[in-house]
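Me: Please walk me through this entry, with the cut-offs spelled out as we go.

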Amino acid sequence: MNALLETTALTRHFPLRLPGGLFGRPGLLRAVDGVSFALPAGKTLGLVGESGCGKSTTARLVLGLMAPTSGAVRFEGEPVPARRGPAWRALRRRMQMVYQDPMSALDRRLPVVTQVAEPLLVFGQGSAPERLERARDLMASVGLTPHLFERYPHELSGGQRQRVVLARALILQPSLLVCDEPISALDVSIQAQVINLLLDVQARFGVAFLFISHDLKVVRQVSDEVAVMYLGRIVEQGGPDDLFHRPAHPYTQALVSAIPSPWRRDGMRRIVLEGDPPSPTDVPDGCAFHPRCAQAMAVCRERRPELAQIGGGRRAACHLLTPVAADTTEATPC
Ligand code: SF4
């Protein structure tokens with residue numbers, strides 16, 4: 001299956017000064033460190049992991065908002081062009097973002113219908129009445145009632161604001177929505193509504209989602225494929241049912257064990273990880289997870305496990321699962 005979006009060995013490192021000496025010493029923050037995946041049209045890839053694991057940086061790289069240190073992002077088979085050029089602006093119509101906090105994504109000084117219509121103005125589409133009519137249609141289709149159209153963001157609830165953000169993201173008919181923690185700023189009572197809306201939007205418009213969240217329950221619900229990230233790398237990837245019922249990587253096992261049943265497999269004990277994740281400025285040698293892994297072996301401290309097929313269409317990076325070196329760069333479609 002051809003991928004709508006594909007990343008190959010995507011890497012983003014930030015040079016910085018670390019404490020030490022008179023002027024500090026040179027260091028490197030490895031935010032994203034060799035991420036490869038493929039997302040087919042109309043499907044959802046969930047990216048999960050603890051804060052600081054590189055999920056949001058991956059999103060910015062995918063959208064071309066940030067240049068990679070190395071590696072590649074391809075959209076419909078073509079490299080994502082350099083930021084702010086005409087080719088990039090044209091491509092951004094097809095790739096939109098839904099942010100975590102809808103209030104900060106909206107302009108408090110403008111009625112929401114004006115903001116939903118704004119991307120059409122930016123790309124020179126339609127007359128003013130046509131743009132407003134299109135905006136009203138789309139707002140109605142995401143469940144906003146007409147009496148809300150002329151209101152300002154602060155007059156809406158959190159769920160209504162996220163619907164406005166979604167309508168604005170959809171108005172240019174994108175092929176890909178990058179959703180960065182789209183429900184984490186919402187009340188629990190309306191999170192389910194927004195999730196159902198996202199699923200409905202995907203069914204109706206055929207848009208693909210790169211869905212970023214630290215909430216495993218939500219990721220399982222919306223994803224066709226799930227990738228688990230740890231310190232800038234994917235450590236396990238697979239279908240949601242398989243991955244949540246039979247997590248293979250010790251880090252995924254710990255994450256899944258912390259979810260209340262019914263997703264926790266029978267007899268699975270809660271695995272409490274010792275300590276905090278290491279800093280991305282000081283990634284441990286070998287397997288980056290080894291200081292916290294109860295199953296670490298001598299080889300784990302010396303050799304970094306590469307992401308490789310472990311059967312059943314799944315990939316994992318662990319010496320327990322892939323003792324023989326395997327191909328690491330090929331991305332697996334959802
Ligand atoms: Fe644990 Fe070793 Fe596997 Fe890393 S490679 S997850 S340290 S067993």
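Reply: A nonpolar core is a set of buried Ala, Val, Leu, Ile, Met, Phe, Trp, Tyr and Cys residues joined through side-chain atoms within 4.5 Å, where buried means under 20% relative accessible area with a 1.4 Å probe on protein chains only. The model is predicted: local features need pLDDT of at least 70 and side-chain atom pairs 80 or more, while totals for chains, interfaces and linings use all residues. Numbering starts from 1 along each chain, and side-chain values use heavy atoms, without hydrogens and water.

Me: How many residues does the largest nonpolar core have?
Reply: Among those with the most contacts inside this core are Met139, Leu177 and Phe211. Beyond four places in sequence, Leu177 has contacts (heavy atoms within 4.5 Å) that include Val98, Leu166 and Phe209. The residue count of the largest core is 58.

Me: In which cavity does the ligand sit?
Reply: On a 1 Å grid over the protein atoms alone, a cavity is a set of points where a 1.4 Å probe fits but cannot get out. Sitting in one takes more than half of the molecule's atoms within 2 Å of its grid points. By that test, the ligand's place is the second largest cavity.

Me: What is the volume of the largest cavity?
Reply: Its lining residues (an atom within 4 Å of a point) include Tyr230, His249 and Phe289. Volume here is the space filled by probe spheres set on the points. For the largest cavity that gives about 100 Å³.

Technical notes: Buried < 20%, exposed > 50% of the residue type's maximum accessible area, 1.4 Å probe, protein only. 1 Å grid on protein atoms, 1.4 Å probe; cavity = no way out; pocket = protein on both sides within 12 Å on 5 of 7 lines; lining within 4 Å.
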